[in-house]
Amino acid sequence: MNRLETSTLFWSRMRSSWTKALRLIRIIAGGGGTPIILGITIIAFSFGYNQLLAWLPESFPMAHVLAVIIGLFLTHQRIRTWIKPTDAVFLLSLEPQMGKYFRASLLYTGAVKLLHLGVIMGILYPLYRANLGTLGTYVVACFLLAGVLLLNLVQEWQATRLTVNSDTSDLRLWKICRFALNLMLAYDILASEWELMLMTLTALAVWCWRGVQLIPQAPYPWQHLSRLEQETLARYYAIANWFVDMPRYKRPLRQRKWLIRLVNRLIRDDAVYPYLYWRTLVRQSDLLAIFTRLLVWVLLLSFCVPHPWVVTLLTLLGNWMFTVQLRNIEHAAHYPVLFKLMPRPGWERSQALQQITRLLSTAFASLIALVGLLVGWLDGTGLVIYLIINGVAILFFSRTKR
């Protein structure tokens, strides 16, 4: 591979990845449930957003809240490199020529992050107009935050390069300090504190310039870059797995030692299928993350439309979506070939899956009911209706043919 091919390798991988992503997006968009879920989410969010703007008092510390949101976004950057595990072998000899590859990676990531910043700032604009400033000052704030975003992107790349000769604790401290600077910068820009903003921005720029001198010339952290890329792909596949089946998706294996110890204590030694399913649920699936995301999604939409029937229907929808995903735990790809030859009756497998489904679905509905009682979404009658409908639904979901 010559120098010219090396410089175009990134864009070739980017086009290939986007081709696969667009094909997957078309499949998801063509599903019958996707437009319904998106429609419900958009309508509930718009209704709740308008209610929030109407309730918002003039003394509310809006600049502080928006500064935290924007500061977290500016700090949490992940550079897309499309580095593969085999690149540590096949591209190692071309390491001196990989500068253009990673510059293209920074350009691509910067463009995508600026687009994300534009979407976030567009969503936050009504809150800014409520008690902070006008459209003109908001446009200025957006341009300034775009510059801060690019500086953070450079610093993220510096921190990535420093993984070859720095401790994890030092890099963690680096990120905490960067978040503190981003938080101050976001607040100064939103509150139009231009002198303080200039001082903080100068400190961030000097820090960024100083970081350039600390970066080692070689080697590149190939294994670290490959791991970050695999984690990014795993996150995207996990989201896509909500809507379409991803049987070829290789899920990462997580230790989660305290959960495994809990499983070992609660599950009997002779309960073969429950033990296998619970270990897969804990270590080698995205179902716990899906459970949490759906729970947060239902709670947020319930906050937007706090009506007993809406809360009940949202809980039904969230529980149904989770139980559909929970069926993937029975997929043979999680287990060795001998799993099919296990001398156990087939009804034990179905029974184990039904027990897990009932337990997690009950926990899902109970957590939402608890929040509903504390916040006031559910009164006495609403709680009875909620429990009856969700109880029947849980029994039905767990008994569906798998």
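What share of contacts in the protein between residues at least 6 apart in sequence join residues at least 24 apart? The share is 82%, a contact being heavy atoms within 4.5 Å. The model is predicted: local features need pLDDT of at least 70 and side-chain atom pairs pLDDT 80 or more, whereas totals for chains, interfaces and linings use all residues. Residues are numbered from 1 along each chain as its sequence is written, and side-chain values use heavy atoms, without hydrogens and water.

**View 1. Salt bridge between Arg80 and Glu229.** Because Arg80 lies in the loop between H3 and H4 and Glu229 in helix H9 (residues 222-240), the pair ties together parts 149 residues apart in sequence. Both Arg80 and Glu229 are buried (under 20% relative accessible area; exposed is over 50%, partly exposed in between; 1.4 Å probe, protein chains only).

**View 2. Salt bridge between Glu156 and Arg178.** Here N and O are 2.7 Å apart. Glu156 is buried at 12% relative accessibility, and Arg178 is buried at 1%.

**View 3. Salt-bridge network of Arg78, Arg227 and Glu231.** Arg227 and Glu231 approach to 2.9 Å between their closest N and O atoms. Arg227 is partly exposed at 40% relative accessible area, as is Glu231 at 32%.

**View 4. Surroundings of Lys84.** Lys84 touches Arg13 and Ser226, residues up to four places away in sequence not being counted.

Key: A salt bridge is a side-chain nitrogen of Lys or Arg within 4 Å of a carboxyl oxygen of Asp or Glu. Helices (H or I, at least four residues) and strands (E, at least two) are DSSP runs, numbered from the N terminus.
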